[in-house]
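Please look over the sequence and the structure below. The report that follows takes the protein chain and then its ligands in turn.

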Amino acid sequence: MKTIRIALLGLGTVGTGVYKLLERRKEEIPDKAGVKIEIARILVRDIEKAAKKADRKLLTTDWKEIIEDESISVIVEVMGGLEPAGSYIMEALGRGRHVVSANKDLIASRGQGLLEKAKENHCDFLFEAAVAGGIPILRPLKQCLAGNEITDIMGIVNGTTNFILSKMTDENMEFDEALAVAKELGYAEADPTADIEGYDAGRKVAILASIGFHSRVVFDDVYTEGISAITARDIEYARELGCVIKLLGVAKNTETGIEARVHPMLIPDDHPLASVKDAFNAVFVHGDAVDDAMFYGRGAGEMPTASAVVGDVIDILRDIQWNCCGRIGCSCYKNLPVKTIQDIESKYFLLLDVEDRPGVLANIAGVFGSNAVSISKLIQKNAKDGCAELAIVTDLVKEYHFRDALTILEGMSPIRKVSSIIRVL
Ligand code: NAP
Ligand code: HSE
């Protein structure tokens, strides 16, 4: 029986999980894939640190030792970042190595070039772990759902922000307090910007939209808005309206183009995504044949992410064994336009602090009415010191109409402050 030699690039959270899981499954892999495996090398920056987690003999700080070793056929990139990861993967594919990566940053910006290189060289380039960690979603979109026209992909694809919003909802915390708990428990990184500002989710949306709609969407095409402005007061109003607030990644394939965006959203309590709590992720997909389908599970962490990476490795082993590598490569065979946020329609929740005197409500309604914004719900409360709090929910409105109305409202003297603007599902 053939032995396939594998190299890991990186031995951090995911790399350590992959190392452990490949060791755990080593005896069973020949039955699953028809070949044996051997972990040949592991690229790290700090050998002493890595030697606490893996066999020291395997460790190297020199990429050349890996790429120039012709006996290594599979490279697992779990180091992260655009460089040197991007150049290493490109070189590996160029030299006919099969590659697994968990690197959403890289794939959401340079996926096309890497997939083209894989195709040129008849290699597999798989990255299931890049979106929603342990949840199978890319392979289902490419394979199991290939008979569908997918029109909607919507999901909670960032565990850190979902954890923070769950704490704010269930334990009435303010954002800063919930973020501190997320850091303490290791969900949020020391610099949480990519998570809380929606960039991490935006990268995942770019990958999901590209695969789901067969047309290239890159991170720069995705509109992103994070959760750092969400307050306990917003959460309380959402509750009053029968909703919860979630950071949603939304990708839609419409007749006028692709929508790709990440922003907080009020979603009804009875929507399946409303019950996705803590650091869990879920992706909701609509296809013309399958109707609605939802994928749920752990979107991050050592072993859940390793589960997806090792699944990819085993697929590659099978492809090598059956001589069918490169079978499922780039699936972007369309070239659809991506809409700007200005052209997208949403419903909005907004919270205004206004002077409490006759005619103010009529003025606000007049501004909305003359800008094609229709009001669907209105709550007024807390009239004190001559000021009232107005919570308004609109019907569907084009972003540019809503923004025009808002600019006028913000310039009106009875409006003291526009405190919150959140989209509504
Ligand atoms: P991590 O814990 O920071 O680990 C990165 C590893 O790569 C470390 O061992 C680091 O070495 C090594 N490394 C980084 N740059 C290197 C270089 N130039 N040369 C050699 N080694 C280098 O990161 P992670 O959380 O495992 O994430 C890895 C990848 O998986 C990222 O692309 C991430 O987006 C993706 N991902 C992560 C998760 C998750 O739950 N963590 C989930 C899904 C996808 P040092 O320790 O010496 O710096
Ligand atoms: N930082 C991500 C999250 C995990 O919080 O979901 C890696 O994709």
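## Burial and surface

Of the 425 residues in the protein chain, 54% are buried; buried means under 20% relative accessible area, exposed over 50%, and partly exposed in between, with a 1.4 Å probe and protein chains only. The chain exposes about 18,300 Å², and carbon and sulfur atoms supply 49% of that area. Accessible areas come from the Shrake-Rupley method with a 1.4 Å probe, and for residues only the protein chains shown count as cover.

This is a predicted model, in which local features need pLDDT of at least 70 and side-chain atom pairs count only at pLDDT 80 or more, while totals for chains, interfaces and linings use all residues. Residues are numbered from 1 along each chain as its sequence is written, chains are lettered from A and ligands numbered from 1 in the order in which they are written, and side-chain values use heavy atoms, with hydrogens and water left out.

## Overall fold

The protein chain has 15 helices and 17 strands; these are DSSP runs numbered from the N terminus, with helices (H or I) of at least four residues and strands (E) of at least two. Its radius of gyration is 24 Å, close to the 22 Å from the globule rule for 425 residues, so the chain is as compact as a globular protein of that length. The radius is taken over C-alpha atoms, and the rule is 2.2 Å times the number of residues to the power 0.38.

Among contacts with a separation of 6 or more, 73% join residues 24 or more positions apart. A contact means heavy atoms within 4.5 Å.

## Ligand 1

Ligand 1 is surrounded by 21 residues, and the closest are Val14, Arg45, Lys49, Lys104 and Gly301; a residue belongs here if one of its heavy atoms lies within 4 Å. By class, this shell has 10 nonpolar, seven polar and four charged residues. Nonpolar covers Ala, Val, Leu, Ile, Met, Phe, Trp, Tyr, Cys and Pro, charged covers Asp, Glu, Lys and Arg, and the others, Gly among them, are polar.

A polar side-chain atom of Lys49 lies 2.5 Å from an oxygen atom of ligand 1. A polar backbone atom of Gly301 is 2.7 Å from an oxygen atom of the ligand.

## Ligand 2

The residues around ligand 2 are Lys104, Asn158, Gly159, Thr160, Asp195, Asp200, Lys204 and Ala300. An N or O atom in the side chain of Thr160 is 2.5 Å from an oxygen atom of ligand 2. The protein covers 81% of the 260 Å² of accessible area that ligand 2 has on its own.

Note on methods: A polar contact is a pair of N or O atoms within 3.5 Å; within protein, one must be able to donate a hydrogen and the other to accept it, and residues adjacent in sequence count only if both atoms are side-chain atoms.
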